Amino acid sequence: MIKYFSLFKKFLAVSWMLAMEYRSDFFIYTAIDIVWTILDVVFFSVLLSNTQVIGDWNYGQALVALGIFRILSISVWSWLYSSFSQLPRLISEGRLDFYLTKPVDSQFLISVSRFSFSGLASFVSGTFIIIAGLNRLGQHLSVWQLFAVIWLGLVATVLIYAVYFFSLFPSFFAERINNIQHVFSNIYDATKYPPQIYSPFWSRILTSVFPLALMISVPADFLFGRASWQLLFWFHLLTLAFLFAGRYLWLAGLRRYSSASS
Amino acid sequence: MKLAWQSSLVYRGERIVWLLLEIAPAVLMINLWQSLLRSGRIDQSQFSFLSAYYLVNVFISRISGVNLEDKLIDDIKDGRISNYLLKPLSLPLSLFAQESSWRITAALYLLPLMPFFLPLIGSFTGLGVTHWQGIFFGLFILLSFLQKYFVAWIIGLTAFWIDESKSLVHARWMAEGIFGGIWLPLTFFPVWWQKIASFSPFYIWYYFPARLLLDPFPIPQIIKGMTVAIIWTLLLYLFARFIWSRAKFHYSAVGG
C-alpha cells in the first residue's frame, strides 16, 4: 500500500513538473476552463430564464448542481481523461505491455499515469457557484452537512472513475475503437441535469445500468434535503458494484489481450 | 473517396461511436424539452419545433462538420506533413478531399436512423420542405462546410507559430455554442446577442440552416444571410491561403 501511495505521489509530481515546464499551456487551459464555467452559467441562465425550472430544480438549485458538476469535472478532465486517453490505442496497437510488465498492478498504473492541473480552476469557480446557489435558496450549511456532502462528492468521484473505466472495456473486444475514451467524457455533460427530465424508462437505466443521473443529483439532492436513505444506500452500493465490475472486466480483457512483439 | 469508404467500413466501431457522440447531446436536450412539455411549461408545437431543431442540427453536423485540426496540429509538430510537401500534391487540397469523403460516409452512417428522425421532423414541417427551402438549405450547408474547413485549416496552421494551438479548438466549440445556436436556438438569447451572432460566420453553421428548414426567414433576411455567408467564406479562404503561404517557410523536419 505504501508503495502505491509513493508511486501515486511521484506521478503527481511528474505531472506537476510537466505542467510547469509547459507553463503557457497550463495557463491557457486554465483560462479555457474558466471560460467553460462562465458559458455553463450563461447556458443555464438563458435556459432557466425561458423555462423557470429544469426537472424539479429551480435556478438556485440548478446553480448548486452546476457547482458540484464543475468540481467533479476535475476528476473527469484533469485526472481520468488524461490517464485513460491513451488506453484504447495502447490496446489496439499492442503496446499495453509497457504497463503489464511492471511489478505494479496494471489497473493502478493506467489509472494514475497522468494528471492535468488546468482543471483546478473549476474547484474555485464551482465553489463560488455553489455558494451563489445556496445564497439564492437562502440556505446555510451546517458543519455536519458540509462533511456529508464532501463524503458524497468523494463517493461520486469513485463512481465516475468506476463507470469511466467500465466504459473502456470494449477496447479489448473490438479490433480498434480508439475513440471509446470520448464516450464517458462526452456524456458526463448529461449529469448536470436532474433525473426527472428523463422518461421513466431512461430514468431507470440512468440510475442503475449506467448511473449517470446519480453522480451530481445525489450530492445536490442531499443539500436540498431530498435524498432518502434508500437513495444514499443505493448510491454507495452501485459505486462498489461498478468498481468490482470494472476490475472483473479489466482482468477478463487482459486474458484476451495479445501483444505486438515488444 | 474509395479509401475513405473502405476505412469507414473497416473501423465500423469507431464510426458508430462518433455517430452516437453526435446524437447523444440532441437526445439529452429532447428529453429536457419533453420533461417541460409534460409539466406544461411548453406546448406541443414548441416541443416539436425544438426536437426537430436538434435533430436537424445532428444532420447538419454530420454532413458539414470538419474536425481535422487535432491531427493537422500533431502532424505539423511531429514533422509528418513532409510526406505531403515532398509529393506533387497539395496538402490543403488532399485534406479537403479527405474531409469531403469523410462527410459523405458519415452521412451514410446516419441513414439507418433516418426512419426515426423523419417522423419527428416531418410532424413539425407538415407535408415537407419546398424546393426553394431545399436549395437554400443545400447552399448554406455547402458554404458552412467551406467555412468550417477554412477555420479548421487556419487553427491547424497556427501550430507553426504557437505550441498551444489545440486550445483554439475550444474557442471554436465555444463560438459554435453561443453564436451558432448548437446548444439552444438563438431565439432564446437576447435580441442584441442575436444581432451580434448574425454577423459572425458561426450563425450559418447551425442556426440559420436549421431555421431555414423548420421556420423559414423572409426572403430579404435569407439574402442578407447569404451575402454575409459569402463574404465570410471569401475572407476565410483568403486568410487561410495567406497563412499557408507564410507557414511553409516556418516548417522544419528531420528524417523522413
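1. Chain A and chain B meet: 33 residues of chain A are in contact with 29 residues of chain B. This is a predicted model, so every point below describes a prediction. The area buried between the two chains is about 2,900 Å². Carbon and sulfur atoms give 71% of that area. Three residues stand out on the chain A side. W36(A), R176(A) and N179(A) supply 19% of the area that chain A buries against chain B, more than any other three residues.

2. Next, the second largest pocket. Its volume is about 1,300 Å³. The lining counts 42 residues. Nearest the centre of the pocket lie L72(A), S75(A), G153(A), L154(A) and T157(A). By class, 32 lining residues are nonpolar, eight are polar and two are charged.

3. Which helix gives the largest share of that lining? It is α8(A), with 10 residues. Helices of chain A that each supply at least two lining residues include α1 (2-21), α3 (59-84), α7 (121-137) and α14 (229-256). Also among them are α6 (106-112), α8 (143-167) and α13 (217-223).

4. Now the annotation for chain A. An unreviewed UniProt entry lists residues 26-48, 60-80, 115-134, 146-166, 201-224 and 231-250 under "transmembrane region". Two of these spans can be set against the model. Residues 146-166 of chain A are 100% helix and 0% strand, with end C-alpha atoms 30 Å apart. Residues 115-134 of chain A are 70% helix and 0% strand, and their end C-alpha atoms lie 31 Å apart.

5. In the model, residues 222-240 of chain B are 100% helix and 0% strand. The ends of that span, taken at the C-alpha atoms, are 26 Å apart.

6. V66(B) lies in the loop between α3 (44-64) and α4 (69-77). Is V66(B) buried or exposed? It counts as buried because its relative accessible area is 3%, and the cut-off for buried is under 20%. Leaving out residues up to four places away in sequence, V66(B) touches E99(B), F145(B), K148(B), Y149(B), A152(B) and R172(B). One of these, F145(B), is 79 residues from V66(B) along the chain. The C-alpha atoms of V66(B) and F145(B) are separated by 7.3 Å.

Conventions: Residues numbered from 1 in each chain as written. Chains lettered and ligands numbered in written order. Predicted model: local features only at pLDDT ≥ 70, side-chain atom pairs only at ≥ 80, totals over all residues. Heavy atoms only, no water. Helix = DSSP H or I, 4+ residues; strand = E, 2+ residues; numbered from the N terminus. Buried < 20%, exposed > 50% of the residue type's maximum accessible area, 1.4 Å probe, protein only. Contact = heavy atoms within 4.5 Å. UniProt positions renumbered as here; feature names shortened; annotations may be inferred. 1 Å grid on protein atoms, 1.4 Å probe; cavity = no way out; pocket = protein on both sides within 12 Å on 5 of 7 lines; lining within 4 Å. Points joined across faces, edges and corners; volume = space filled by probe spheres on them. Nonpolar A, V, L, I, M, F, W, Y, C, P; charged D, E, K, R; others polar. Buried area = accessible area lost by both parts, 1.4 Å probe.
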